[in-house]
Amino acid sequence: MTRSPTFLPAWRALTGEAQTLGKRHLRELFATDPGRVPSLTQRAGDLLLDFSKQRITAHTLTLLHDLAREAGVTKQIDELFRGELVNVSEGRAALHMALRAGSKDEYFFSGKNVVSAVALERMKMRGFCQSLHSETWVGCSGKRITDVVNLGIGGSDLGPRMAAQALSSRARQGLKVHFVSNVDGADLGSLLPSLDPQTTLFIVASKTFTTQETLANARSALAWLEVGLDVTDVLTRHFVAVTANVAAAGAFGIPEENTFAFWDWVGGRYSLWSSVGLPLALAIGMDDFEAMQDGARKMDLHFRDSPIEKNLPVTLALLDIWNGNFLGAETRAVIPYSFSLGLLPSYLQQLEMESNGKAMDRDGQKLEASSSAVVWGSAGTDAQHAYFQLLHQGGRLVPCDFIAFAEADYPLPGHHDRLLASCFAQSEALMSGRSEDEARNELIAQKYSAEDIARLLPHKIFPGNQPSTTMLLPSLSPEALGMLIALHEHKVFAAAAIWGINPFDQWGVELGKQLASKLLPALTDGNEAPGMNPSTHQLIRYCRDRR
């Protein structure tokens, strides 16, 4: 039986800590503790995690560590890595770590080490990448493949799409990789006119091979190829599948030799490391794809082997819990100061909110505490000109995660230092703010009249005290990106372990899909289901009447 963390002694102690500490400003916390920065900084390899601008003290951190211990986080980490059925509602393990395992690593499922099976599928990916890059795999007309279109959604889209953009500086020349996820015809329909059927390959990525949005796009892509190519069989040279349901891919017409498999113990939003990463491997090359896996593996070992006090994923999880459950924050902004990493906030939305956006524990009992924050954000410096006004003066508590790299992936002279200066300045400004005296003195120095000072002064005050964490890495290399993604994967698990949540199911996604399948006949041929909500009836009737 899952025990609510709210009954743990550390939870009660943290409640009291929040009541005391909540009245203190981060300026004061820095001023009274000269050792604050080193005591609230952690490292894993080249990844530096500076959380000294969070509204905590060393004592708060000790209480948070107590909470992790009392909640049994270490035991649950062991269960995860042993391949136990941690996805309790679906009776599955969650062994995505095995997808980036080294040759001597061991990950067991049903008593069998799965690392060798993973290695075989990785070899198949490598062979396919080599054949496409060397132009030995060609289209039906004998022309080389110049464009690859990945058809997927959710975990079969966001991970490789985000990583391909993040590592665009390492993209191979001569091959363009595109991503289509939305069933809205504008997504695929706007791309097709720019492609040549003779030189285009489609990847159909769906774990179950029943995902309606993906299959609708795949059927449209197939129809486009059949019109554009004067051959009877376009699937053998222009379609490959990525799926855990090889039989369904075969029923669609994709030969088994064109199908890349993964396993039931791979969750969709954790599947980037499997054959779902094929479009990424095609974009950057298999060597860089495996370097990214190596970076994730380093974070796996850090998460598995590090004590709670030095464990970066656990630290991030505890900070989220502190800000959300004890300080009352309901959202968290993720601001990568890297244009290439601009899709990371969207990726983390799925990873975090689909995993931990739940109000019931593993046993189906109502949670006594709120769980996942609303995750959002975008790349700096654009973000500064969009919503930072609210962060600075909007009166809401919004913790921020800043992510930056010491070196640029596109090194234009003078650009990267300005980017980093903006990143560090924003975290400083959110933390310190500007007091009334400071604002008045600034206006006086600028020679404003007494009347103008009185008028402008309220607008020049910034309360500050907005908590933030900064993550720094040397460069946006494949290995660094792998570490960064795995860091957040494991953070999600650590937070779920404390809340008592199963982070590997997503039943909330299913209801809308089920209703959509019932409503589709009403839109296509007017066959309305009995008992339809009158509002829904009105919306459908409006659309049908105007076609």
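# Close-up views of the predicted model

**Figure 1. Helix α5 is followed by G83, a residue whose phi is positive, near 80°.** The structure is a predicted model, in which local features need pLDDT of at least 70 and side-chain atom pairs count only at pLDDT 80 or more, while totals for chains, interfaces and linings use all residues. Residues are numbered from 1 along each chain as its sequence is written, and side-chain values use heavy atoms, with hydrogens and water left out. Helices (H or I, at least four residues) and strands (E, at least two) are DSSP runs, numbered from the N terminus. Helix α5 covers residues 73-81, and its buried residues are V73, Q76, I77, E79, L80 and F81. Here, buried means under 20% relative accessible area, exposed means over 50%, and partly exposed lies in between (1.4 Å probe, protein chains only). An α-helix has 3.6 residues a turn, so residues three or four places apart point the same way. The buried residues of α5 pack against α4 (58-70), α13 (286-305), α14 (312-326) and α20 (478-499); contact means heavy atoms within 4.5 Å.

**Figure 2. Aromatic rings form pairs and a cluster that includes F81.** Rings of Phe, Tyr and Trp (its six-membered ring) pair if their centres lie within 6.5 Å; planes under 30 degrees apart count as stacked, over 60 as edge-to-face and the rest as tilted. Across the whole structure, a search finds 17 aromatic pairs. One of them is the stacked pair of W263 and W265, with 5.2 Å from centre to centre and 0° between the planes. W263 counts as partly exposed because its relative accessibility is 21%, whereas W265, at 5%, counts as buried. The pair of Y387 and F388 is tilted, because the ring centres are 5.8 Å apart and the planes lie at 35°. Y387 counts as buried at 17% relative accessibility, and F388 is buried with a relative accessible area of 2%. Ring pairs also link F81, Y107, Y270, F303, F493 and F504 into a cluster.

**Figure 3. The charged ends of R36 and K124 sit over aromatic rings.** A charge sits over a ring if NZ of Lys or CZ of Arg is within 6 Å of the ring centre and within 35 degrees of the ring normal. For R36, the ring is that of F30, and the charged end is 5.1 Å from its centre. For K124, the ring is that of F260, and the charged end is 5.2 Å from its centre.

**Figure 4. The largest pocket has a volume of about 1200 Å³.** On a 1 Å grid over the protein atoms alone, a cavity is a set of points where a 1.4 Å probe fits but cannot get out, and a pocket is an open set with protein on both sides within 12 Å along at least five of seven lines; lining residues have an atom within 4 Å of a point. Grid points are joined across faces, edges and corners, and a volume is the space filled by probe spheres set on the points. The largest pocket is lined by 43 residues, of which T211, E213, V509, E510 and K513 are the closest to its centre. At least two lining residues come from each of α9 (212-228), α15 (344-356) and α21 (510-525). Helix α21 gives the most to this lining, with nine residues. By class, the lining holds 16 nonpolar, 17 polar and 10 charged residues. Ala, Val, Leu, Ile, Met, Phe, Trp, Tyr, Cys and Pro count as nonpolar, Asp, Glu, Lys and Arg as charged, and the others, Gly among them, as polar.

**Figure 5. The second largest pocket has a volume of about 420 Å³.** Of its 20 lining residues, F339, D409, H415, H416 and L419 are the closest to the centre. Helix α17 (residues 415-432) supplies the largest share of the lining, five residues. The classes are nine nonpolar, seven polar and four charged residues.

**Figure 6. The largest cavity holds about 110 Å³ of space.** Its lining comprises 13 residues, and the closest to its centre are D320, E352, S372, A373 and W499. Helices α14, α15 and α20 each supply at least two lining residues, and the largest share, four residues, comes from α20. Four nonpolar, five polar and four charged residues make up the lining. The structure holds four cavities of 30 Å³ or more.

**Figure 7. L282 lies in helix α12 (residues 278-284).** L282 counts as buried because its relative accessibility is 0%. Not counting residues up to four places away in sequence, L282 touches F128, C129, L132, H133, V148, R172, L175, V177 and I203. L282 and F339 are 57 residues apart along the chain, and their C-alpha atoms are separated by 22 Å.
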